[in-house]
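The model is described after it is shown.

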Amino acid sequence: DMQQADARLIARADLPIDPSFPNKKLFIALAFVGSSLFGILLAIIIERLDNGFRSTDQIEQVTGLSGLGMVPAVTSSRRLSAPLEEFLVRKPSSSYAESIRSIRTAILYSHVDKPPRAILITSAVPEEGKSSLSISLARSSAKAGQKVLLIDADMRRPRIHKSLKGRSDATLADLFAGQKTAEEVLNVDEETGMHFICTRAGMPNPQDLLGSQHMRDFIRSVSQHYDLVVVDSPPVLAASDSAVLSRIVDATVFVVRWEHTPRQVVLGALKQLQAVGGSIAGIVLTRVNVKKHVRFGYGDAGYYYGKYREYTA
C-alpha cells in the first residue's frame, strides 16, 4: 500500500504578463500594411473612375488646348444677396469677378497679333454655365470701358432675356426679315451700358438662320462698331448651331464644368468644332468648388481663390 510519487517540480507555473494569443504587435503591423495597400488601391480606382477635369494642366495635357481660366462656383447662400448674373456688378472685388477679368485678358491675348473681336461661348452639354459666363464676360468688358454687344444665339433654350430683362419680341430673325430695325432689337444693360440682343425659343431650323449670309454680314458689321461681340450659343452635342457659328466668329471659348463633364464628351465636342474649321481660343473651367480644389493642391488659380479668399473679400 505504500506508493512513492515519481513527479517532481521542474518550473513554477507563474501567471503570464501578456497573452500568448493574439499577438497584438504582429496584428497591428499587418493591419497597418493591409490598410495602406487597400487605401492606395482604392485611390487608384477612384482616380481611374474620376473622368472629369479638375485643373487647367489636365485640360492642356488631354486636349492640347490652352486653359483660359477657372470660374469659382457661387454658393446659394451668397446668391441670396445677389443673383449670379448680378454678382459681378454687386461684388466687383470678389474672386468670381476677378476670375472673369482674368479670362477676359486671356482671351484677348490668345491671338497676340490680332485679338478676337467676335467670340463664341459654347460647351459640350447643357448646364455647364456658358450663359452665365457670356453675360459676366460681356458685363466685365463693358465695365472696363469697352463697347460690347452680347448676342443670344441659343434659339432652343434662350436665357439672356430673362437674366437681363430684355425684349424677346425683337430678335435677329425679325431684323433679318425686315420686320424690326437695328435700334429696335438692341437692348441696353442699365448697370454697365452693354448692348444685348435677345432671342425666343421655338424658331424652326435655327441653324439655317445662324449659318446664313445675313448672319455673316451682321457679325462682320457689328465687329467694326463694337470692341467686343460675345455670342452665346447652344451646346455642341445638343445642336449643330455652334459648329455653324464657330466659322463666323474670330474665336471660340469652350466651357467645361469642373469635375462633372466626362473627358470623352469634351473631346467629342471639340472634335466636331475642329472638323468644321472653328478656331478655339481655349477652355474655361466653370463652377469650381474651391474648397475641394484646394485640397488637391494644384497651385493654379482655383487654389488661389480658395486658399487666399480674404485677399478678394
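## The largest cavity

Arg104, Ile107, Leu108, Ile119, Leu137 and Leu228 line the largest cavity. A cavity here is a set of points, on a 1 Å grid over the protein atoms alone, where a 1.4 Å probe fits but cannot get out, and lining residues have an atom within 4 Å of a point. The model is predicted: local features need pLDDT of at least 70, side-chain atom pairs count only at pLDDT 80 or more, and totals for chains, interfaces and linings use all residues. Residues are numbered from 1 along each chain as its sequence is written, and side-chain values use heavy atoms, with hydrogens and water left out.

Searching the whole structure gives one cavity of 30 Å³ or more. The largest cavity holds about 30 Å³ of space, a volume being the space filled by probe spheres set on the points, which are joined across faces, edges and corners. Helix H5 (residues 95-108) supplies the largest share of its lining, three residues. Helices (H or I, at least four residues) and strands (E, at least two) are DSSP runs, numbered from the N terminus.

## Strand E2

## Pairing of E2

E2 pairs in the parallel sense with strand E6 (residues 228-232) over four bridges; pairing requires at least two DSSP bridges between two strands. Leu120 is opposite Val231 in E6. E2 also runs parallel to strand E7 (residues 251-257), joined by five bridges, and Ala251 in E7 is the bridge partner of Ile119.

Definitions and conventions. On a 1 Å grid over the protein atoms alone, a cavity is a set of points where a 1.4 Å probe fits but cannot get out, and a pocket is an open set with protein on both sides within 12 Å along at least five of seven lines; lining residues have an atom within 4 Å of a point.
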